[in-house]
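Morning, everyone. Please bring up the model on your screens. I want to talk about its pockets.

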Amino acid sequence: MIRVGINGYGTIGKRVADAVTAQPDMELVGVAKTRPNFEADTAARKGYPLYAAIPDRAGAFDAAGIRIAGEVTELVGASDVIVDTCPSGIGAQNRAMYEAYQTPAIFQGGEDADVADGSFVARANYDSVRDLEYVRVVSCNTTGLSRLLAPLREEYGVRKARATLVRRGGDPGQSDRGPINDILPDPVEIPSHHGPDVKTIFPELDIDTMGMKVPATMMHMHGVNVTLESEPTAEEVRELLEAESRLFLIPEEADIDGAGKLKEYALDAGRPRGDLWENCIWGRSISVERGDLYLFQAIHQESDVVPENVDAIRALCSDVDADESIARTDESMGVGFESRF
Ligand SMILES: NC(=O)C1=CN([C@@H]2O[C@H](COP(=O)(O)OP(=O)(O)OC[C@H]3O[C@@H](n4cnc5c(N)ncnc54)[C@H](O)[C@@H]3O)[C@@H](O)[C@H]2O)C=CC1
Ligand SMILES: O=C(OP(=O)(O)O)[C@H](O)COP(=O)(O)O
């Protein structure tokens, strides 16, 4: 059993904790929290051992009636690997603590790439991180782009990729984020940070990205154009992408016209928290014009990186290969929509 600790129990951390508990080869040692808020309450209700991320604040948990199993350093010492899901920048500060306990760690995409010794997307570069101790699962948008580009590169070769990312302003719980009534070029510099980030996964890839932020919380939306090295038909591309478990091709008959209905579909299907772990690609948008592929995909920012974190744990701590890890993760979490259309 791989003993996993989670440091930072927010949007990503709570989802990774649930996913780890679902794995037959992993054990959740516990989760570290800074304060006894509603997320600490649900962690306690689920029976996850809680560790105080800031020891001086441990008393606040007692006062709230939440039992603490220890301090974060005890969690780090007792774990084979830590998944650091703290807010951007805190992970980099935490690395020294993981090094002091010689505990490998997995950081998130809000950290700079140099927080770790390698960046990770399971479908693209699982094997490249196997000998590393510190790895970063790239951001939700970079994960979504890399998952799409991996099979395209293998099957057709990619001459150049371009993507315009319409980014949600904040997550549903982030009431302090915006814009409330505007459309912002964000970042205004071109390329946005996403293109260089995809190149941490595919160093040779020629890719340019542009970003915006809009008043929405549900999902990001990408308009993608990929110039391929060969000229497949749209149908052939559709079949290629359909075979990928972490790409969901939205059928025309499903009558899903945007992120709202996608989220509704996930909730109706009984997905925890309405999560969509897959890239959601509109099958009807897939078009090829003399080797130029175009499509739209929606990315659920709160959840697409969750199966990637589970695979990153196996890449660092086991001999399980990429295909087997992805299959195990998908089966235990229920990743992949079986199309009934
Ligand atoms: N929310 C999103 O859409 C996505 C976030 N990410 C990345 O994942 C990382 C985490 O983001 P979220 O889960 O959204 O943040 P979050 O703010 O929802 O959760 C972070 C949690 O860490 C806790 N925390 C703060 N300081 C801490 C410390 N010193 N020690 C332990 N815990 C501490 C916070 O109280 C909070 O519960 C960031 O790098 C972010 O960029 C990646 C993909 C998508
Ligand atoms: O990593 C993310 O997005 P990004 O790839 O656009 O930077 C997550 O959606 C978090 O983004 P945020 O920095 O808007 O919270």
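A quick definition to start. A pocket here is an open set of grid points with protein on both sides within 12 Å along at least five of seven lines, and its lining residues have an atom within 4 Å of a point. Keep in mind that this is a predicted model.

Take the largest pocket. Its volume is about 1400 Å³. How many residues line the largest pocket? The count is 49. Nearest its centre lie Ile12, Cys86, Pro87, Ser88 and Gln174.

Now, where does that lining come from? Several elements supply at least two residues each, among them helix H2 (38-45), helix H5 (90-100), helix H7 (140-155) and strand E9 (158-168). Helix H1 gives the largest share, with five residues. By class, the lining of the largest pocket has 21 polar, 15 nonpolar and 13 charged residues. Both domain 1 (2-138 + 305-333) and domain 2 (140-299) contribute at least three residues to it.

On to the second largest pocket. About 210 Å³ of space lies there. It is lined by 14 residues, and Arg123, Glu244, Ser245, Asp323 and Ile326 are the closest to its centre.

Which helix brings the largest share of this second lining? That is H12, with four residues. Helix H6 (122-125) and helix H12 (322-333) each supply at least two. The classes here are eight nonpolar, five charged and one polar. Again, domain 1 and domain 2 each give at least three residues to the lining of the second largest pocket.

That's my tour. Over to you.

Conventions
Residues are numbered from 1 along each chain as its sequence is written. Chains are lettered from A and ligands numbered from 1 in the order in which they are written. This is a predicted model: local features need pLDDT of at least 70, side-chain atom pairs count only at pLDDT 80 or more; totals for chains, interfaces and linings use all residues. Side-chain values use heavy atoms; hydrogens and water are left out. On a 1 Å grid over the protein atoms alone, a cavity is a set of points where a 1.4 Å probe fits but cannot get out, and a pocket is an open set with protein on both sides within 12 Å along at least five of seven lines; lining residues have an atom within 4 Å of a point. Grid points are joined across faces, edges and corners, and a volume is the space filled by probe spheres set on the points. Ala, Val, Leu, Ile, Met, Phe, Trp, Tyr, Cys and Pro count as nonpolar, Asp, Glu, Lys and Arg as charged, and the others, Gly among them, as polar. Domain bounds come from an automatic or database domain assignment.
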